[in-house]
Amino acid sequence: MKLGRLNHIGIAVPDIDAAIAHYRDVLGATDITEPFDLPEQGVRVCFVNTPTQSGPNSELHGTQLELLAPLDENSPVHGFMQKNPAGGQHHLCFEVEDIAEARTYFESLGKRILGPTRIGAHGTPIFFLHPKDMLGQLTEIMETPKEDAHWSN
Ligand SMILES: CC[C@@H](C(=O)O)C(=O)SCCNC(=O)CCNC(=O)[C@H](O)C(C)(C)COP(=O)(O)OP(=O)(O)OC[C@H]1O[C@@H](n2cnc3c(N)ncnc32)[C@H](O)[C@@H]1OP(=O)(O)O
Ligand SMILES: [Co+2]
C-alpha cells in the first residue's frame, strides 16, 4: 500500500457556527463551506480550506480542516466531546489509491477497522482505524477522488 496525501484533519467542536466564526475572525480563514448534516455519520460538518500554493517545480495542495459537531448522543464524536468539552483534534485522513486494497492491507496487519467501508463527505469510500492501533491517532483512510488521482503518478 502507498500512502497518499493528507486529505483533512478532523476537528471536533461543540458548536459549528461558533467554530466557523473562530476560523474566520481569529485565524483569518477565507474559504469555509456551509455546514451540513451527515446523519449516516452522526455529524454536522463543514470544511475550512487552506490555500493551494503553486511553485516552479511543484504544486502543494492546501489541506482541509473538517469541523465536526455530534448530531446526537449516538454520534461517534459524542464520547470524544464528553472527554473534551472544548473540542480538539479528532482524526487524520489519508488518501489511498484503492480502498479495498488498503482495507485488506490493514486487516493483514491486525489493525482494528471501525465499521464498514462507507461513502464519506467527499463522495468517495472511507473507513476508520482504531486509535489504539495507530499510535493513539484515530485514522481515516479515504479513496482519492478520481479527478485528483495525479498524486500517485
Ligand atoms: C464527515 C464524515 C467523515 C468524513 O468523510 O471525513 C468523518 O470524518 S466522520 C468522523 C466521525 N466518525 C468516526 O469517528 C467514526 C470512527 N470512530 C469511532 O468508531 C469511535 O469514535 C471510536 C474511535 C471507536 C471511539 O469511540 P468512543 O465510544 O468515543 O470511545 P471508546 O471508549 O471506545 O474509546 C476507546 C479509547 O480510544 C480513545 N479515543 C476515542 N476517540 C479518540 C480519538 N478521536 N483520538 C484518539 N483517541 C481516541 C478513548 O479516549 C479511549 O481511550 P482510553 O480512555 O485510554 O481507554
Ligand atoms: Co473525516
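## The main core

The largest nonpolar core in this predicted model holds 12 residues: A12, V13, A19, V43, C46, V48, L65, L67, L68, A69, V77 and M81. A nonpolar core here is a set of buried Ala, Val, Leu, Ile, Met, Phe, Trp, Tyr and Cys residues joined through C-beta atoms within 7 Å; buried means 20 or more other C-beta atoms within 10 Å of a residue's own, with C-beta atoms placed from the backbone. Strands are DSSP E runs of at least two residues and helices are H or I runs of at least four, numbered from the N terminus.

Apart from this core lies another one, of 8 residues, including V96, A102, F127 and L129.

## The sheet

Eight strands make an open, mixed sheet in the order β2-β3-β6-β1-β7-β10-β9-β8, where pairing takes at least two DSSP bridges. At the edges sit β2 (36-38) and β8 (113-119).

β3 and β6 run antiparallel over 7 bridges, and V48 stands opposite L65 in β6.

## Helices on the sheet

Helix α1 (residues 16-25) packs on the sheet and touches β3 and β6, its direction making about 10° with that of β3. Contact means C-beta atoms within 7 Å; axes are fitted to C-alpha atoms, for helices over the stretch in contact, with angles from 0 to 180 degrees between N-to-C directions.

## Ground rules

Residues are numbered from 1 along each chain as its sequence is written, and chains are lettered from A and ligands numbered from 1 in written order. Local features need pLDDT of at least 70, side-chain atom pairs count only at pLDDT 80 or more, and totals for chains, interfaces and linings use all residues.

Methods: Two residues are in contact if their C-beta atoms, placed from the backbone, lie within 7 Å.
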